[in-house]
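Hi there,

I am passing a structure on to you, and I hope you enjoy looking through it. Please open it first and then read on.

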Amino acid sequence: MFKTVCIADCFENYRKSKFKDQSLDLLYTWTAVSYSFDCAMYRSRCEIEYIMDSKMKNLVDRLIRAGVTLLGSKFVKTNSPRMPNFVKENNCVEFLSTDVIESYGYIMMTYGMPVETFVG
């Protein structure tokens, strides 16, 4: 019981400090990523366009991904021209291993939000 009270107290202190810093309440967001996104939108004061164009909606729909994708095996064998054991007779198989934490935030920082006329 004591641990639960301590955790609740820590969360309340963190919530109060974030509200003081950002003027946004943590309880209205599901994840830390959505809270940081809300903070960025609040601070930037940008106006995001509504999706009115069917091309833009289709683009957004195609870019939606569902969850984490990974290889479920400890050993993966590739057949790539860039590898020393490449066999021309077999199909070319390549794997890309990336470790991108906060890729959504990176894309938003690099390419920005759709705040002007969409060109598709």
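Predicted model: local features only at pLDDT ≥ 70, side-chain atom pairs only at ≥ 80, totals over all residues.

Residues are numbered from 1 along each chain as its sequence is written, and side-chain values use heavy atoms, leaving out hydrogens and water.

The protein chain averages a pLDDT (the predictor's confidence in each residue, from 0 to 100) of 77, and 75% of the residues score at least 70.

Which residues are linked in a network of salt bridges? They are Glu-12, Arg-15 and Asp-25. A salt bridge is a side-chain nitrogen of Lys or Arg within 4 Å of a carboxyl oxygen of Asp or Glu. Glu-12 and Arg-15 meet at 3.3 Å, N to O, and these two are about one helical turn apart because 3 residues separate them in helix H1. Helices are DSSP runs (H or I, at least four residues), numbered from the N terminus. Arg-15 also meets Asp-25 at 2.7 Å, N to O. That pair links distant parts of the chain, with Arg-15 in helix H1 and Asp-25 in the loop between H1 and H2.

In helix H2, the buried residues are Tyr-35, Cys-39 and Met-41. Seen down the axis, they fall within an arc of 165° (taken from the directions from the helix axis to the C-beta atoms), so they line one face of H2.

Best wishes

Notes. Buried < 20%, exposed > 50% of the residue type's maximum accessible area, 1.4 Å probe, protein only.
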